[in-house]
Every structure is written in C-alpha cells, then in structure tokens.
Amino acid sequence: MLKPLLVLCLGNEIISDDRFGPEVARRLQEESGEGLGADVIFAPLAGFRLLDLLAGRRAALIVDTIRTGHAAPGTLHEFPAGVLTPSKNLTTSHQISLPTALELGRQLGVELPEVIDVLAVEAHDLETLREEMTAPVQEAMDKALQFVYQWIERNSSKESDHADSN
C-alpha cells in the first residue's frame, strides 16, 4: 500500500554530484527503514515518467541536483515544484519539464499530490563519470537529510489534521 507521503530522489549514481539524490535515498532507507512515515524512492527518471510515481500521494518531496550558477556548490534550494524547474533530471532537451508533466497529468485526471516540494543541491560537477560527489555537495548531505526529516514531520502532522477533519 502506498504511503500518502513520498520522498522521490532523482539522479544518476555514476555522475559525480548527480549522485546526491540516490545517496539521500540510500541514507534515509538505512537510517529509518520502514518507520520513516514516507515512501522513499530513488528513480533515474524525468518528465512524464515521474507521474506514475507521484500518482495517489498526498504530498511529495523531490530531491535532486540543480545548477543555477547563482549559488555556491553545496547550497540547498527549497521551493515548490514549478518555481525553479530546470535541473538535470527535472527537464532535459528530450523530455518535458516537471510543471508541464504535472499540468498534463492533472488534465488527464491523474490524482497528483496536493503538495509537491523540491529540495535541490547546487552542483559543482554534473559531467564527470565517477561514484563520488564533490566535497561541497557531500558536505550538504546531513543538512539535506535534516530538511527531509522535518518535511516528513510537517506533512505527517498535516495528514493527521486532514484525517481529523474528515
């Protein structure tokens, strides 16, 4: 059975800083396992392919890597989906952006989360094939995990409030 909360970690395990999402998923699963209060999924996907993972959830947090060029590598960006979309995994030249996929999904009647937030780390290296992140991105890991735990707690309490009102 699907949990109402989803932490969807995107990325590529063999591209330096793009490994951030997979590493967050691995750490969450190791540290909390089934007791986390949210499903944690690592998916090397983008665009329309995310709709199936998001369908049927009340809230989702997407963890990804981004390169804005306006912040130091390792900086964490937090925003609702659709505000700062372009990242390596949320849109590519061969796929559609996350907001476009979400809008099309809604028009097609897909039951998508009421809340979709994004936590993205500013990348330094998204080109090198290696299974290690750069130091600034690696150093952002603990702060990112803390954010994820707080996001789950905040949205779990909203779930309780929602259940009490029904």
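Predicted model: local features only at pLDDT ≥ 70, side-chain atom pairs only at ≥ 80, totals over all residues.

Q: Where does H77 lie?

A: H77 is in strand 4, which covers residues 76-80.

Q: And which side chain does the H77 side chain make a polar contact with?

A: With the side chain of E122, at 2.7 Å. H77 also touches I66, T68, A71, V118, L119 and A120, leaving aside residues up to four places away in sequence.

Q: Switching topic: how many residues are in the largest nonpolar core?

A: The largest nonpolar core has 26 residues, and V7, F20, V24 and V148 have the most contacts inside it. Strand 1, helix 1, strand 3, strand 5 and helix 5 each supply at least two residues of this core. Helix 5 gives the most, with seven residues.

Q: What does V148 touch?

A: V148 touches V7, V24, L28, L61, V63 and L119, again not counting residues up to four places away in sequence.

Q: Which residues does the second core include?

A: The second core is separate and has 18 residues, among them L50, L51, A60 and I116.

Q: Zooming out, what does the secondary structure of the chain come to?

A: Five helices and five strands. From the N terminus, the order is β-α-β-α-β-β-α-β-α-α.

Q: How much of the chain is buried?

A: Buried residues are 46% of the 166 residues. The accessible surface is about 8400 Å², with 50% of that belonging to carbon and sulfur atoms.

Definitions and conventions. Residues numbered from 1 in each chain as written. Heavy atoms only, no water. Helix = DSSP H or I, 4+ residues; strand = E, 2+ residues; numbered from the N terminus. Polar contact = N/O pair within 3.5 Å; in protein donor to acceptor, adjacent residues only side chain to side chain. Contact = heavy atoms within 4.5 Å. Core = buried A, V, L, I, M, F, W, Y, C linked by side-chain atoms within 4.5 Å. Buried < 20%, exposed > 50% of the residue type's maximum accessible area, 1.4 Å probe, protein only. Areas by Shrake-Rupley, 256 points an atom, 1.4 Å probe, with all protein chains shown as cover.
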